[in-house]
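Subject: Structure handover

Hello,

Here is the structure I promised to pass on. Please open it alongside this email and follow the residue numbers as you read.

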Amino acid sequence: MTLEQELVSLLGKPIADAKRRELYAALLKLVKQKSAERPVTSGNKKLYYISAEFLTGKQLGKNLINLNLYDEVDQLFKKYGKSLSSVEDVEEEPSLGNGGLGRLAACYLDSAATLDLPADGMGLRYHFGLFKQEFRDHKQYEVPDRWLSSPSVLTKTNVSYTVEFGKLSVKSRMYDMDVLGYKTGHNMLHLFDIDSVDESLVKEGIDFDKTAIAKNLTLFLYPDDSDEDGRKLRIYQQYFMVSNAAQYILDEEKKAGHNLMDLADHVAIQINDTHPSMVIPELIRLLIKEGIPFYKAEEIVTNVCAYTNHTILAEALEKWPYAYLQEVVPQLMPIIGGMDFGVECAYNNNPDLRIIDAGNTVHMAHIDMHYGHSINGVAALHTDILKKQELRPFYNIYPEKFNNKTNGITFRRFIMHANPDLSHKIDSLLGASWKSNATDLERLMQYYNDENVLNAFAEIKHNNKERAAQFILDKEGVEVDPDSVFDVQVKRFHEYKRQQMNALWVIYEYFRIKSGVTFPHPVTVIFGGKAAPAYYQAQAVIHLILCLQELINNDPQVSKYLKVVMLKNYNVAKAEKIIPAADISEQISLASKEASGTSNMKFMLNGAITLGTMDGANVEIKNLVGDGNIYIFGRSSDEVINLYNTNGYHAEDYYKYHESIRRCIDFITSPEMLAIGDAKLLGDLKDNLIHKDWFMTLLDLESYCNVKETMIYDYSDQERWKRMSLVNTAKAGFFSSDRSIAEYNRDIWHLK
Ligand SMILES: *Cc1c(COP(=O)(O)O)cnc(C)c1O
C-alpha cells in the first residue's frame, strides 16, 4: 500500500475531503501503527529515566520525522491543498513539564532511542499539567491546562500497582507514549495515574482541596507548596511516581528471568533532580521484601542509581520535615533511618553529610549522593561549582562519583522540525549525515566567505521572522517589523534569569529614543515564559513587561524604533516558532546561577547570536564559537560567588551613585507606568531592586546596556552578522543531545 492508500483507508474518505481534525486523527493512528511495527529496543541492560517532568512538545511532527515520513506526508497534503503544519496545530501539547529540566528529559528520550539504547522514561500523567498562562490587567493568571484530549498520544494499559501511603492506598494505572528514535529505536515513556482523580475538584483558577489525595494526586505538576498540605501532596506524588517505577522495574526483571541480586547488571536508573530520590529507599525496601539483606540491597541499589543535579539554588535542593515523610510514607522511614545511620557511622564527624539533620529534616539529595554511584552536573562550570562550593563536602569523600554531562538538545525537533528551510539548505550543502552525526555541521565553515550561502541563510532567517511576525500578530495582536532586530528572551521567569535586567534596558532605550538617539534598525524585544504561581517577584516582573508593552507599543514616537512583545503561555510549540526567527539570544543569568541552560543551544543552532554572561553552557558556547562570535558582559562566577561570601553587593549604592540606573528604576513607578499598572506590584518590584536585588541585576546593568548597544549597532554590518550566524550554526553540533546521551552511556549506564 502507498502512504496515500494507507491514509485514505484510515480516513475512510479522500484526503481532499477531510477536515484538519480528521487528518490529525488519521495521522495519529498511522504513527501508532508504524510504531507497533517497529521492534521495541532491547538489550542486556536497560535504563529507566525517572523524572517528575517530561516536556515532550507536540508528538505528531517529531514522530513523522523520526519515522522518516514527514516530507512525504507534507508533499502529499500539499497535493490536496492541505497543510501538514496546520494539522499539527490540532494536537494539544502535553503539559508535563515546567522548563529546561523537563525539556531535557524529553530530548534525552529522543536521543537514547535514536542511539538504539534500551531506555524508558517514567513519570506521572498530570491531568492539568503545570498551568496555562493567561494575561488580564497586565498580569499573569493561571488556569488548568486541559491537554488530555482525545484522540490521545497516550495508550491506556492494564498495568497497575498498589501504592501504600500511611493513611490510604491507591491503585495505579500506567499510560504509555511511544518514543521513536530517528530512523531507528523504539522505547516507551510510562506515565502513572489513578482512575479516581476528580477533575471537578478544581474550582477557581488552579485552586483545589489539597487533602483529598485519592482525587487530587495527579491533577497538577508542582502543586503550590507554600503551605503544609501542598508540601505533603508533593511527597505523595513523588512516592507514587517512584513506587510505581520500582515495582515496574522489578516486574520486568523477574519476567526476564534475572536474579534480583544481579539487578545492577541489567538496570540503570537515572534520577533527574531530587524529585525521584525516594526510588532509592523504595527499591531497597522492595529488595528486602524479596529476601535480600539490608546491607546487600543498599549495595545493589547504589550500583543501579545515578543522580543528576540541576541547580545550585538552595531552595531547589529538596528537603522534607521528617514528620511529613513519617505521615505519608511510614514504611520508608526505617530504611531512610538505616541509611542515615550508615552515614553517621562512616562520617560521624561531619553533620553536613547527614541525610536526617539535627533539626529532623530529610535532605533528598544526600540520599542520592551517598546511595548512588554517580553525581553529575549539567555543564562544565556548573559541575566545577558543585565540586568546589555547593557539594564540596560530598566531593571530598566521593571524588570518583562526580562527573560532568553538559546538556544537549535534540536536533530532530529544534532544527529539522522547527526550521525545515534551514535544515533542507544544510542537506543541500553537506548531505544528510549531520542529522545523526551533529558535529558534521562544522563543515559549514567552508562557506564562511561564500556570499551565496551566507545570503541563503539570511533569507531563511528573514522568512522565519516574517512567519513569526504573523504569528505574533495573530496570537498577541502586536504588529512587529520583520526587518527589526528580533531580540528574544524566552524561559521561565526567575529573578536569577534576570528578565528584569532586559526590561530595564527597554526603559533605558525608551529614554534614548525620547532624547532623539536611535539605532539604524528598530528593535523588537520578545519575552515569553511563566512564573510560578506563588513567586511574587517573578509575577511582578511579568507585570512590568506587560505594562511596558502597552506603553511603548502605543507611543507613536517610540514604537517606530522599539516594540515589546510578551508571548503568552510559552511552551515547546512556541519555542519552535520563535527561536528560528531570533537574531539575538538573551542568556543573561547572574553568573554561577544558571546550571546550563538549553535554550542558549537552540538559539545558537538556529543562527542567533548569544548576548550572555559567563554562565552555564554559555561558557562552552563561547569556547566553541570564539570571542568574535558572541557578546559577553557582566561579572564572572568567581566574582559573584565572592560577593555573596563577603556580603559585598549593595544594590542601594548602584541606585544612589549611578544616575542612569536610578532614572530607569524610578521610571517603574512613573506616572506613565502607574496609569497602566498596579501601584503596589510596581512599587514592590522597585523597592526590591533598590534594597534587595538578591540576583544582582544592578551589578551588571551598565555592562549589559553597553554590550547590547554595541551588538545592535553591529547588526548594521550585515556581512559580519551573517558570518557570525553561520559560525554559530556550524559549531552547535557539540550540543546535540545524542552527544550527551553517548557520554552518559559511556561513563554511567554502560548499556551497550
Ligand atoms: C528549552 C526550553 C526551556 C529551557 O530554557 P532555558 O532558557 O534554558 O531556561 C524552557 N521552556 C521551553 C518550552 C523550552 O523549549
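Below is what was found, starting with the whole chain and moving to single residues.

One caution to begin with: this is a predicted model.

**The whole chain**

The protein chain has 752 residues, and 63% of them count as buried. Its secondary structure comprises 33 helices and 20 strands. Along the principal axes, the C-alpha atoms fill a box of roughly 80 × 70 × 55 Å.

The accessible surface is about 27200 Å², and carbon and sulfur atoms hold 48% of that. As for charge, there are 83 positive and 102 negative side chains. The centres of these two sets lie 3 Å apart.

**Cysteines**

How many disulfides are there? The count is 0. C547 is in none, and its nearest cysteine sulfur, in C664, is 16 Å away. A disulfide would need the two sulfur atoms within 2.5 Å. C547 has 0% relative accessibility, so it counts as buried. C107 also counts as buried, because its relative accessibility is 1%. The cut-off for buried is under 20%.

**Helix α10**

Next, look at residues 279-289, which form helix α10. This helix is mostly covered, with 9 of its 11 residues buried. The buried set runs V279, I280, P281, E282, L283, I284, R285, L286 and L287. Note that E282 and R285 are in that set. An α-helix has 3.6 residues a turn, so residues three or four places apart point the same way. Just after α10 comes G291, with a positive phi of about 95 degrees.

**Backbone details in the loops**

- D137 has a positive phi, near 50 degrees, and is not a glycine. The residue lies in the loop between β3 (132-136) and β4. D137 counts as exposed because its relative accessibility is 59%.
- S150 and P151 are joined by a cis peptide bond, with omega about 0 degrees. P151 lies in the loop between β4 (139-143) and β5 (155-156).
- M696 is not a glycine, yet its phi is positive at about 55 degrees. The loop that holds M696 runs between α30 (679-691) and α31 (697-714). With a relative accessible area of 2%, M696 is buried.

**V485 and its surroundings**

Finish with V485, which is in strand β15 (residues 485-490). Its relative accessible area is 0%, so V485 is buried. Which residues does V485 contact, leaving aside neighbours within four places in sequence? They are K465, H521, P522, V523, T524, D583, I584 and Y715. I584 is 99 residues from V485 along the chain, but their C-alpha atoms are separated by 7.6 Å.

That is the tour.

Best wishes

Notes. Residues are numbered from 1 along each chain as its sequence is written. Side-chain values use heavy atoms; hydrogens and water are left out. Buried means under 20% relative accessible area, exposed over 50%, partly exposed in between (1.4 Å probe, protein chains only). Helices (H or I, at least four residues) and strands (E, at least two) are DSSP runs, numbered from the N terminus. Accessible areas come from the Shrake-Rupley method with a 1.4 Å probe; for residues, only the protein chains shown count as cover. Lys and Arg count as positive and Asp and Glu as negative; His and the chain ends are not counted. The place of a charge is taken as NZ of Lys, CZ of Arg, CG of Asp or CD of Glu. Contact means heavy atoms within 4.5 Å.
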